[in-house]
Amino acid sequence: MGRVIVAGGGAAGMMAAIAASESGHAVLLLEQNEKLGKKLYITGKGRCNLTNAADMDTVRANVITNPKFLYSAFSSFDNQDMIRILEEEGCPVKVERGNRVFPVSDHSSDVIRALKRRLERLGAEIRFHTRVTSLICGDGICTGVQVNGREVLEADAVIVATGGRSYPSTGATGDGYVFARETGHDVTALRPALVPFETEEAWVRQLQGLSLRNVEVEIRKDGRVLYREFGEMLFTHFGVSGPALLSASSVVGGQLPARLYINLKPALSEEVLAQRILRDFTEEANKQIKNVLGRLYPAKLIPVMLSVSGLEANKRVNEVTKEERERLICYTRKLPLTLTRLRGYEEAIITHGGVSVKDINARTMESKKVRRLYFAGEVLDVDALTGGYNLQIAWSTGWKAGQSIA
């Protein structure tokens, strides 16, 4: 058994260090921040959606990029393995809507503390304020790392788990991509993922902060449907966000600009919606139209719907023409927006792209180009939709890397 250095104390790094320690190696975990799991701490709005409790076929189906590469990692360490480790370390979990798994306490800090307890019990050494600045490689073998620009630390194996570029406020620098390129690995094109969209239309600013539940969103380009989802969305001062659209960013982010259509009443057929509007209009025929749409839309949305439908807010209901009513029905079922670009890494949950999986042995996470060098977590070109799937990728690839070191 030898010395293993793990670069990065996030989800993948902690799990890699645990797996390597349990395999009998002397482990040194290097973290540039003052504590472990800084990004993990803010996930799920501080509650930490740590995995998804669905069967692993469903988990794989929610992986967007290179799902086949993860088959071995998911088979070796799955969602139930993750839950078991946390509960063994005194962090019970609960399953919520969409099979999302959270700590019972609703505190991400409890997940981090549980993993740190495991590391300490296994005897792993943790060094904070220690940034890996380069890998020490020669003759096709990785023999250590340089830290803080000067000190060289030798190792029998190195695991790079430095994360991506998302949430740079947590210390994400993209260093792992630099290390990969410097050692001859391909790095695929990078972009923010699970991130809000900016829109061309200025009227979204009037709706800032408005959350819509149970809507259907559809994104089209050149007559093709790129994405369709039912769920929750949010209007912002720059565009749109919310769970349904964050997932969309990972699917269509490379194909912008595109058109977004929002069905505000997906549970109603066009005929039923028309009957409902006609009934409301008949019952309150003498009122101004702006005062009779409260049953149909949130108050904040009424002025926008009237504007895009070309209806005067002060017009009396009994003066509304059939054509105007049909326009209102049309935009209720298909409210259009133009998606122009993604927001930046500062708001992205993950990074799309990374170290090419063609350069990595899927059964071990070891580089095919440099022996004794392993990659795990977000630094790899693998990513998934929201719901705990990306953290499961981190746990599984981290475990696979740590457990595979001979």
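Among contacts in the protein chain between residues at least 6 apart in sequence, what percentage join residues at least 24 apart?

**View 1. The protein chain of a predicted model.** The share is 72%, among contacts between residues at least 6 apart, where contact means heavy atoms within 4.5 Å. The chain has twelve helices and 21 strands, taken as DSSP runs (helices H or I, at least four residues; strands E, at least two) and numbered from the N terminus. Buried residues (under 20% relative accessible area, with a 1.4 Å probe and protein chains only) make up 55% of the 406 residues.

**View 2. Helix α9, residues 270-283.** The buried residues of this helix are L273, I277, D280 and F281; seen down the axis of α9, they fall within an arc of 100 degrees (from directions of the helix axis to the C-beta atoms), so they line one face of the helix. These buried residues pack against α11 (322-333), whereas the face turned away from the buried side carries the exposed residues E271, T282 and E283, exposed meaning over 50% relative accessible area.

**View 3. The packing of helix α5 with helix α6.** Helix α5 (residues 79-88) and helix α6 (residues 108-121) pack at an angle of about 80 degrees, with their axes 9 Å apart, and are therefore roughly perpendicular to each other, a term covering 65 to 115 degrees. The contact is made by M82, R84, I85, L86 and E88 of α5 and by V111, A114, L115 and R118 of α6.

Residues are numbered from 1 along each chain as its sequence is written. In this predicted model, local features need pLDDT of at least 70 and side-chain atom pairs count only at pLDDT 80 or more, while totals for chains, interfaces and linings use all residues, and side-chain values use heavy atoms, with hydrogens and water left out.

Note on methods. Expected span 1.5 Å × (residues − 1). Axes fitted to C-alpha atoms, helices over the stretch in contact; angles between N-to-C directions. Parallel < 35°, antiparallel > 145°, perpendicular 65-115°, else oblique.
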